[in-house]
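Please take a moment to look over the sequence and the model before reading on.

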Amino acid sequence: MTQALPRFVARRLSISLGLLVLLSLIVYVGVDLLPGDPVTSRLGDRASPEQIAAARDRLGLDEPVLRRYAEWASALLQGDLGTSVLSGVRVRSLIADRLGNSALLAGITLTAVVPLSLLVGVWAGVRRGRWPDRVVSTVAVMLVALPEYVFAGLMVLVFAVWLGWFPAVSVTPATEGLPTDPSLLALPVLSLLALSLAHAVRVIRAATAAALRAPHVGTARLNGTPRSTVLRRAVLPAVLPVAVQIWCVLGVGLVGGAVLVERVYGYPGIGELLVSSVQSGDIPVAQALAMLLGAAMLLAVTAADIAVALTTPWKRTAP
């Protein structure tokens with residue numbers, strides 16, 4: 001066994017660590033530059049200049065941004081995400097109340113996306129250029145191009161207003177645990193499923209079509225190898241690494257990237273918390289969420305790269 005794979009993993013993890021440090025700086029400075037003042041959001045517009053100055057001094061907002069970043073990063077390494085300037089609640093508690101809700105939504109959606117995207121993507125790729133492929137590709141492109149909030153609004157209009165099958169919103173207190181009513185999850189899950197499936201199907205369909213054009217696949221088909229054998233032994237091994245990559249990225253994206261979908265339905269997840277914290281100027285919450293979601297996406301991409309190396313023979317042995 002060669003040392004190629006361990007070296008690749010070590011190199012990829014070191015790069016990810018450097019990117020994580022850079023990400024923390026970009027997140028802190030970027031969120032700090034957002035419009036809105038957490039002091040006036042907390043005290044109100046009628047606060048006197050003396051009260052505002054005292055609050056800014058108490059929160060440390062009058063210090064240089066790089067010094068505040070160093071203090072924030074040091075606390076972050078110790079697991080301290082800070083305190084909400086609006087509610088005074090620890091940010092860790094706010095996130096913990098909602099993380100399970102977002103994870104439930106993402107878990108249900110990803111469980112359906114994995115088999116459906118592989119089945120539909122390979123099915124369309126095998127029939128590339130024919131009408132089934134054109135139908136799947138057209139629908140996928142339309143869904144990808146459609147903004148999330150527009151699609152979610154259309155789902156509400158059709159399934160909640162016109163048909164009355166599901167409630168239009170999924171409002172439930174974040175502190176009451178995971179939603180137990182399936183009707184509250186139906187529209188958010190369907191919205192995320194359609195949008196995620198469109199992305200995954202396009203990638204897997206393209207990978208399947210490319211694998212079918214490979215010389216060894218053409219040779220196998222000319223030699224009379226059954227189509228099922230060609231798909232199982234030549235096409236799927238080439239498609240699966242690509243599929244694993246898109247599934248890993250979608251998994252994290254579903255937890256935190258469903259910001260607008262959660263907002264439209266009023267679903268108490270971390271995406272909805274991120275939007276409300278930005279709107280209200282609650283900088284510590286926005287910074288913590290942006291950092292956690294960015295770090296999770298970076299780790300997902302790293303895990304996807306490692307998974308590709310594990311499932312691709314030549315990458316396991318390449319120098």
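Which residues of helix α12 (residues 270–280) are buried? This is a predicted model, and in it the buried residues of helix α12 are I270, G271, E272, L273, L274, V275 and S277. If you follow the chain just past the end of α12, you come to G281, which takes a positive phi of about 75°.

From there, turn to the aromatic residues, whose rings form 5 aromatic pairs in this model. One of these pairs is made by Y28 and W72, with 5.1 Å from centre to centre and an angle of 40° between the planes, and it is described as tilted. The angle explains that word, because planes under 30 degrees apart would count as stacked and planes over 60 as edge-to-face, while the rest count as tilted. Y28 lies in helix α1 (residues 4–32) and W72 lies in helix α4 (residues 65–77), so this pair ties together parts of the chain that are 44 residues apart in sequence. Both Y28 and W72 are buried.

W72 also forms an aromatic pair with Y69, again tilted, with 6.3 Å from centre to centre and 40° between the planes. Here the two partners belong to helix α4, where Y69 and W72 are 3 residues apart and are therefore separated by about one helical turn. Both Y69 and W72 are buried, and Y28, Y69 and W72 together form one aromatic cluster.

Helix α1, which holds Y28, is also where P6 is found. Although P6 and I306 are 300 residues apart along the chain, their C-alpha atoms are separated by 9.9 Å.

Why does V161 count as exposed? The relative accessible area of V161 is 55%, and residues count as exposed because their value is over 50%.

Terms used
Residues numbered from 1 in each chain as written. Predicted model: local features only at pLDDT ≥ 70, side-chain atom pairs only at ≥ 80, totals over all residues. Heavy atoms only, no water. Buried < 20%, exposed > 50% of the residue type's maximum accessible area, 1.4 Å probe, protein only. Phe/Tyr/Trp six-rings, centres within 6.5 Å; stacked < 30°, edge-to-face > 60°. Helix = DSSP H or I, 4+ residues; strand = E, 2+ residues; numbered from the N terminus.
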